Number of protein chains: 4
Amino acid sequence: MGDISLPNELISNGNNGHAVGVQRKSCWYEEEIEENLRWCFALKSILHTGASQYQDIQLLDTKPFGKALVIDGKLQSAEIDEFIYHESLVHPALLNHPNPKTIFIMGGGEGSTAREILRHKAVEKLIMCDIDEEVVDFCKSHLVVNKEAFHDPRLELIINDARAELETREELYDVIIGDLADPIEGGPCYQLYTKSFYEFIVKPKLNQGGIFVTQAGPAGIFSHTEVFSCIYNTLRQVFKYVVPYSAHIPSYADTWGWVMASDSPIILTADELDLRIKQRIEGENRYFDGKTFTSASTLSKAVRKS
Amino acid sequence: MGDISLPNELISNGNNGHAVGVQRKSCWYEEEIEENLRWCFALKSILHTGASQYQDIQLLDTKPFGKALVIDGKLQSAEIDEFIYHESLVHPALLNHPNPKTIFIMGGGEGSTAREILRHKAVEKLIMCDIDEEVVDFCKSHLVVNKEAFHDPRLELIINDARAELETREELYDVIIGDLADPIEGGPCYQLYTKSFYEFIVKPKLNQGGIFVTQAGPAGIFSHTEVFSCIYNTLRQVFKYVVPYSAHIPSYADTWGWVMASDSPIILTADELDLRIKQRIEGENRYFDGKTFTSASTLSKAVRKS
Amino acid sequence: MGDISLPNELISNGNNGHAVGVQRKSCWYEEEIEENLRWCFALKSILHTGASQYQDIQLLDTKPFGKALVIDGKLQSAEIDEFIYHESLVHPALLNHPNPKTIFIMGGGEGSTAREILRHKAVEKLIMCDIDEEVVDFCKSHLVVNKEAFHDPRLELIINDARAELETREELYDVIIGDLADPIEGGPCYQLYTKSFYEFIVKPKLNQGGIFVTQAGPAGIFSHTEVFSCIYNTLRQVFKYVVPYSAHIPSYADTWGWVMASDSPIILTADELDLRIKQRIEGENRYFDGKTFTSASTLSKAVRKS
Amino acid sequence: MGDISLPNELISNGNNGHAVGVQRKSCWYEEEIEENLRWCFALKSILHTGASQYQDIQLLDTKPFGKALVIDGKLQSAEIDEFIYHESLVHPALLNHPNPKTIFIMGGGEGSTAREILRHKAVEKLIMCDIDEEVVDFCKSHLVVNKEAFHDPRLELIINDARAELETREELYDVIIGDLADPIEGGPCYQLYTKSFYEFIVKPKLNQGGIFVTQAGPAGIFSHTEVFSCIYNTLRQVFKYVVPYSAHIPSYADTWGWVMASDSPIILTADELDLRIKQRIEGENRYFDGKTFTSASTLSKAVRKS
């Protein structure tokens, strides 16, 4: 190595170690969307990790999607776009109901579903029944955005199996909401998506005019055949009126689906929905309004056909 | 979806969200060893992040290599094997010196080089001169393993450019150690590897019989041509006796090199080294002993030839 | 290692080498959707690679999305869902036109846009003008699905800058289609999305009742602000009627946008669109029909507002 | 979007599609070195893929390491540094033998071990016995560098289980070489590393003064405990003289080990080895010489102790 002259500002003694390279994103969260497909987010930090009897829990801080709740290696909810999922799950059913006073959530331990429900002024009583106490405690402690909801006096939080709880309780509900993991064969929630469950457990617990709504898995042009179509077809055997709808959720790298079902007609127009949003919901929706629902509930050709 | 019966233990209501998959490693640290080569460690957590005037700093907790200090996206030091680097940098020079009382480290802000030096009973005074105060403070706060070294009364810690500091000080040293980033052209440390620097700044500051040693970059069968050979050849123009040696460091995914240089002969045998280790060093070495040095200083054919 | 007895079927001598592990996906295509977000597909093979004066070209065979055309490290088109992009780009404009006989494509070198256009029985003449001859030749040779289109006698293929070509030609067109790279500032196509380009180059080349349509970049709930909103607002300054619409494209990991513009009203209902599809288009659409367009052209609240 | 003027050279119409980004490495080979550690090479192409009754086979063209043979998702051999593995496996044993005329390879289907053996002028007969015919055929067809070896008249290629073949044959060998997959418990080669196999099958087939050598898995400062130490300790129970040695192989991201064993002393000095290399081996070694072996057979403190 010969002698060279470097400008003064470059002359410095560095730190212990070897090559100083250009700065790059070096920490990543990686999810297998499916076996041959990965989705990777640059990480700011790993905020909290925990484990329950049932599942592993992580709260990550990601660069593209903000704080992210990850359960068993699967992204559940990202700060930046969880409102799409939760507004879509809650508002169509509650707005279509003439006066939703009592609500039951199966699952929902994250607290965001409760948060959206509690924005409805009509709601008097909300049961949230999740089996995993550690997940609920984790979210209660760490998800600031749901703090108020977790402390709302209208919320009754129960740690139990949703099926057992629904069977035990004698009261009826205006809206029942399924905020559960997908019905993977052999998975923990499979039984909560069956025809007999809907027919003998859910439907009898709805008040006259009551509405059931459930998250229904991926609803993309290819992915909708996994569970979305099945849930829709199952609910059609149990309820007179069934409305599927979907929305693209960026952090899920897919379009997501929900299905709403009732024995009373679900027929609000975009304008009527907008009017009820104004009258009934506190604060401003970020995703959901009448036109959005018109689009969301008009499925594309390929999805509609199957 | 038809009706199915699942064993009771599988019936539960899950948490909010979608598919619950099998658990997998989902957070990773990724380093570009070179443009076409990546090295990725599963992450337990991101313990601390910081930034100095010169560099970005991260302390990660990795699954394969324990706690890892990362500067500007490059791994500096991993809990599990940093002893290979630091024992190799320090002990050959100090053991070959008859009585090493005063030592000067250029760089070394991590503190591990100081830690190894201070294990030598003969050492009376140790100057550690690093330009980056934030990195030094970061390591002082977070690297528990070096805590004692940072508080040893024999250590004098100076924040300055190593060249400027060496020029200013009038005293001479028994051993001078280069623990700096690699000499990348245009990089911050380039000038601290030149012939004129060795000849006019380093050598005049060595006592009679003094030894200079420097980390010398990758020394693998292909990678040694980057800087290892250059440093060796440069030092041969300045000192009478020059000894290159190398060791495989797992967390670096490469063999690493050091070069020791003096105007007095460096000729201890494996047995003499082992004897001095026993007499002079407190505690037990984990990597370095006489036979290890015999092997480390016998370079393989390809490296020797170039 | 002691002596052990293994069942006979396990006793075999393997092949040269070291550990035999479980089989996993080992080859991946990786795309940076944005700086902090990666999208990775398991690879079956790398079918062809090439380079033009302007760009690098790869034809990959991926497990999740089939054959994929990648230009400069960005996925252009994947076998499994390119029909969503190309049906959406072509059919709304051609169906809304009373009798689309002459069409001009700016870009479109892949051939898929031409393929969809040529399914319309009314089309008599199609100019496809792409600047990159090597990309066109690459696609002509390797994309079997567009083979017929490239050899259709109604197609005139021109290698030129689209702006220069439009300016030079005297004839007018019923539909002009922009199938160009996004208008990145300083990028090659920026100028082909400006108000003056639309006003002074595109619009004068449209016949009475003519329609212009362009791909308009990502149109997701966050990503639409990058270029989709800009293109919509620019076109509104030039044309009387402007219709934006969007669709989720799985292989792009995002919702994509298009904008259609004309000085004649664009007012077909879903039923009228379905009727014209039946009358005018050969073969069956896989994505596009009347209801799909109703949904696609009803933007969600967040996108609509900005 | 306003009107802007771009320099002429930037004005062009691009190709079909969306954003044109900067070019990056987009195809990667990824190997799990261990559960929490990945090693990724940028890919030029996937040259050939195949599958045998036992294993999956791929020949990749990688940017950092050239052509790479991958079996069941594990790198076997990379063009750029396979010579380190194969020279280390073959030459120490053959050079230490006074006159190695007959050689038996267990495994070795890749052909590179045979290639190095056949460079020894003394060799008259070489048996290569691999169980996997498809792998052998794959390598014969695709590994140009071993073409000559596969056609050398001294080579007899046998498709069989190495144990069965050794037991059947009556002749004895000067050197027997184990070039088999690591002894993973329950894996296909486990039984070929046991004490009884060495004692009752291998040793009886060695001529007077014969030498056995085997690849012995990772020999890094941490990884040597997996199999390297076991193989060494097992062989010490069977042979009088046992010499372990190791070398860093860049493409394996680890130091690799071999063990040589005999009932005759193995005592050549570096100079004697260099002399025999000159006298006996055709062509020039790239890795192996006397000093390299001195270093390779002097294990570092941590490895030596366990």
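Is B:Asp263 buried, exposed or partly exposed? At 32% relative accessibility, B:Asp263 counts as partly exposed, where buried means under 20% relative accessible area, exposed over 50%, and partly exposed in between (1.4 Å probe, protein chains only).

1. Basis of the note. This is a predicted model, in which local features need pLDDT of at least 70, side-chain atom pairs count only at pLDDT 80 or more, and totals for chains, interfaces and linings use all residues. Residues are numbered from 1 along each chain as its sequence is written, chains are lettered from A and ligands numbered from 1 in the order in which they are written, and side-chain values use heavy atoms, with hydrogens and water left out.

2. Chain A as a whole. Chain A contains 10 helices and 12 strands; helices (H or I, at least four residues) and strands (E, at least two) are DSSP runs, numbered from the N terminus. Its C-alpha trace spans about 90 × 40 × 40 Å along the principal axes. Of the 306 residues of chain A, 65% count as buried. The chain exposes about 11100 Å², and carbon and sulfur atoms supply 48% of that area; accessible areas come from the Shrake-Rupley method with a 1.4 Å probe, and for residues only the protein chains shown count as cover. Among contacts in chain A between residues at least 6 apart in sequence, 63% join residues at least 24 apart, a contact being heavy atoms within 4.5 Å.

3. The salt bridge of B:Asp263. B:Lys203 forms a salt bridge with B:Asp263, and the closest N and O atoms are 2.9 Å apart. The term denotes a side-chain nitrogen of Lys or Arg within 4 Å of a carboxyl oxygen of Asp or Glu. This pair links distant parts of the chain, 60 residues apart: B:Lys203 is in the loop between helix H6 (195-202) and strand E10 (206-218) of chain B, and B:Asp263 is in the loop between strand E12 (254-262) and helix H8 (270-280) of chain B. B:Lys203, with a relative accessible area of 26%, is partly exposed.

4. Other salt bridges. Over all chains, the structure holds 60 salt bridges. One of them joins C:Arg38 to C:Glu30, with 3.4 Å between the closest N and O atoms, and both of these residues are buried. In chain D, the side chains of D:Arg169 and D:Glu165 meet in a salt bridge at 2.8 Å, N to O; D:Arg169 and D:Glu165 are buried. In chain A, salt bridges that share partners join A:Lys125, A:Glu156, A:Glu165, A:Arg169 and A:Glu171 into one network.

5. The annotated position. An unreviewed UniProt entry lists A:Asp179 for "active site". UniProt positions are given in the numbering used here, feature names are shortened, and annotations may be inferred rather than shown by experiment. A:Asp179 lies in strand E9 (residues 173-179) of chain A and is buried, with a relative accessible area of 0%. Its side chain makes a polar contact with the side chain of A:Tyr85 at 2.8 Å. A polar contact is a pair of N or O atoms within 3.5 Å; within protein, one must be able to donate a hydrogen and the other to accept it, and residues adjacent in sequence count only if both atoms are side-chain atoms.

6. Helix H6 of chain C. In this helix (residues 195-202), C:Phe197, C:Tyr198, C:Ile201 and C:Val202 are buried. They cover an arc of only 110° around the axis, which puts them on the same side of H6(C); the arc is that of the directions from the helix axis to the C-beta atoms. An α-helix has 3.6 residues a turn, so residues three or four places apart point the same way. The buried residues of H6(C) pack against strand E6 (102-107), helix H5 (162-168), strand E9 (173-179), strand E10 (206-218) and helix H7 (228-236) of chain C.

7. An exposed proline. A:Pro98 is found in the loop between helix H1 (82-96) and strand E6 (102-107) of chain A and is exposed, with a relative accessible area of 59%. Leaving aside neighbours within four places in sequence, A:Pro98 is in contact with A:Arg276 and A:Arg280.

8. Backbone angles. Most residues other than glycine have a negative phi. A:Asp72, although not a glycine, has a positive phi of about 50°; A:Asp72 is in the loop between strand E4 (66-71) and strand E5 (74-78) of chain A and is buried, with a relative accessible area of 10%. C:Ala253 is not a glycine either and has a positive phi of about 55°. C:Ala253 lies in the loop between strand E11 (241-249) and strand E12 (254-262) of chain C, and at 6% relative accessibility C:Ala253 counts as buried.
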